[in-house]
Structures are given as C-alpha cells and as structure tokens.
Amino acid sequence: MPSTRNKVQPHNISHEHELDSKGVYQLANGTWAFRFCKSLTSVTLPDSVTAIGDYAFYDCTALQSVSLPATMKSFGSYAFAYCRELTNVNLGEKIEELPEYTFAGCIALQNINLSNIKTIGDYAFMEDNLLA
C-alpha cells in the first residue's frame, strides 16, 4: 500500500482487489477494503472498477469526497457508512440501487445526485442531515 492514500489507482490497490475473468477490477472481493482507514481524504476510482463490496470505506473518518466512475454498477451494504466528513459523492451513472446503510452516519453529506437511483435500502441515509 502506498504511503499516500489520497487517490486510489488500479496499480496501488494491491491485495484489496480481485481481477475477474474479464479483467475488470472489483474493489476487494471488496468487503472491508479500506475499512477504518483514518487518513483517506478523497477517493477517485478508475473506470476499471465496477463494483465495491460491503463495508469497503466504512468509518473512514477523514474521507470528504468520493467520485465513482460511469462504469460503476454496484456497491455493497455499509459501503460508506460512518464516513463522518463525507460531503460530496459523485455516483456512477449505472448505479440504480443504494443498499442498506450505504451512507448511514455520514452527517456532513451535502451533495449527492440520486437521479438514477431506483431503489434505496433501509437506513441508507440514517443519521444524515441531507434528507432530514
């Protein structure tokens, strides 16, 4: 893992990724890939990442912004839960579902585009001020 964690690139995901049979990166058998990473401040995922697993960025307390590629299709439950400094999220155009607890506890969340979202899971925005 590189010493700086401000940007995630496919060459520095190391053991947190899995290469599927089509050569597409998935962030970990994505589960818990960056869980509790206290120094991560922003995430810009490359087009090669199409899925993020459960708890992938759970409790990354310094995380402020997330930009997901247009190729992103899904992410798991609790993917960004309790990222208390998260203010901006740019969802990929292909994401149609927010699983349960996706952004729970993201109390600073101010910006997220839900125009393509068809299903919102239970407690996806629990404790958030955005939809209050």
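Helices (H or I, at least four residues) and strands (E, at least two) are DSSP runs, numbered from the N terminus. By that definition, the chain contains zero helices and 10 strands. This is a predicted model, in which local features need pLDDT of at least 70, side-chain atom pairs count only at pLDDT 80 or more, and totals for chains, interfaces and linings use all residues. Residues are numbered from 1 along each chain as its sequence is written, and side-chain values use heavy atoms, with hydrogens and water left out.

**Confidence**
- The mean pLDDT (the predictor's confidence in each residue, from 0 to 100) is 78 for the chain, and 74% of the residues score at least 70.

**Surface and burial**
- Of the 132 residues in the chain, 46% are buried; buried means under 20% relative accessible area, exposed over 50%, and partly exposed in between (1.4 Å probe, protein chains only).
- The chain exposes about 6700 Å², of which carbon and sulfur atoms supply 45%; accessible areas come from the Shrake-Rupley method with a 1.4 Å probe, and for residues only the protein chains shown count as cover.

**Nonpolar cores**
- A nonpolar core is a set of buried Ala, Val, Leu, Ile, Met, Phe, Trp, Tyr and Cys residues joined through side-chain atoms within 4.5 Å.
- The largest such core has 31 residues, and F57, L63, L68, F80, L86, L91 and F103 have the most contacts inside it.
- Neighbours within four places in sequence aside, L91 contacts L68, F75, L98, F103, I112, N113, L114 and I117.
- A second, separate core of six residues includes Y78, A81, Y82 and Y101.

**Two loop residues**
- S77 lies in the loop between β6 (74-75) and β7 (88-90) and is buried, with a relative accessible area of 15%.
- Apart from neighbours within four places in sequence, S77 is in contact with D54, Y55, P99 and E100.
- K94 belongs to the loop between β7 and β8 (97-98) and is partly exposed, at a relative accessible area of 46%.
- Residues up to four places away in sequence not counted, K94 touches A70, T71, M72 and K73.
- K94 and S74 are 20 residues apart along the chain, and their C-alpha atoms are separated by 8.0 Å.

Technical notes: Contact = heavy atoms within 4.5 Å.
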